[in-house]
Every structure is written in structure tokens, then in C-alpha cells.
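Visitor: I would like to learn how to read a few features of a model. Please take them one at a time.

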Amino acid sequence: MDSEFKTGDDIFCCTQCGECCSGYGGTYVTMDDIKKIAEYLDVTQEQFISNYCDKSGKRVVLTQGKDGKCLFFNKNCSIHPVKPYMCRAWPFIKAVVTNPENWNAMAGSCQGIKKNIPADTLKKIVSKEMEKLKFL
């Protein structure tokens, strides 16, 4: 029997609760993310990194506010059109393809994730969603 779940929309619907903006180790930004966000904010890349980022090991992460959420979260994402790859990908991430049990764990803090999706179905859908992101 085919699964009732075929697409990312069948297993995830963002409720814009902002819980994923809480960081949990920081929101990593790539150089491409930095370029796009800096341009959107009309600042240089150096100014963006200096004013809006921190270091986490060797990687650059977005600064978190006093509430623990991303500095750009204020009832919603203020940089949504250029949000980092990490944010665009959520919750369709490699860790789910590698370990499907991560999906239900992530669902514990994200009301938009449907739980208990069969592992093989989940891997297929997440892989397809990850592939789509390569072209955005």
C-alpha cells in the first residue's frame, strides 16, 4: 500500500511559532547567506558579520537576542525573503535522512511537524525537499 504522505506539505506545515528561531546552538550562515542578507539590509558583508553575527567554533552564526531567539525574529522573520539556508531547509535536513528518528524528536519542539511518518517515506520526502533547495 502506498503511503498517504507524498510531499513535504503532507508532513510539515509551518505555524510560524518561532520555536525553530530559538537557535539551539546557533543559526549557521554561509558566505552566500551573508552576502544576500547584507545586501537586503543595505550594509557591507563586514558590517553584517560585525553587527549581527557571532562565532561558534570556526563557523559564523546569527546573534541571538536576550530571549534566546534569532536577532531577526520579532513575531516573524524580518529577513524572511533572504533567510539563511539553514532556515529555508528546516525541517528537511540531512540528519533526518541519516537518522529518521530525529524527525519525531524535532516534532517535540515544532508543532508543524507531523509525527510517526514511516521511515522509508520520510527519507524519500526529505531527500526530495533537500534536492529542491539546491535550485533556490
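Visitor: How many nonpolar, polar and charged residues does the lining of the largest pocket have, by class?

Guide: This is a predicted model, where local features need pLDDT of at least 70, side-chain atom pairs count only at pLDDT 80 or more, and totals for chains, interfaces and linings use all residues. Residues are numbered from 1 along each chain as its sequence is written, and side-chain values use heavy atoms, with hydrogens and water left out. Ala, Val, Leu, Ile, Met, Phe, Trp, Tyr, Cys and Pro count as nonpolar, Asp, Glu, Lys and Arg as charged, and the others, Gly among them, as polar. Here the lining has 24 nonpolar, 11 polar and 5 charged residues.

Visitor: Which element gives the largest share of the lining of the largest pocket?

Guide: Helices (H or I, at least four residues) and strands (E, at least two) are DSSP runs, numbered from the N terminus. H4 provides the largest share, 5 residues.

Visitor: Is Thr 27 buried or exposed?

Guide: Buried means under 20% relative accessible area, exposed over 50%, partly exposed in between (1.4 Å probe, protein chains only). Thr 27 has 8% relative accessibility and so counts as buried. Thr 27 sits in the loop between helix H1 (8–11) and H2.

Visitor: What does Thr 27 touch, not counting residues up to four places away in sequence?

Guide: Contact means heavy atoms within 4.5 Å. Thr 27 touches Val 60, Val 61, Leu 62, Pro 84, Met 86 and Cys 87, with residues up to four places away in sequence not counted.
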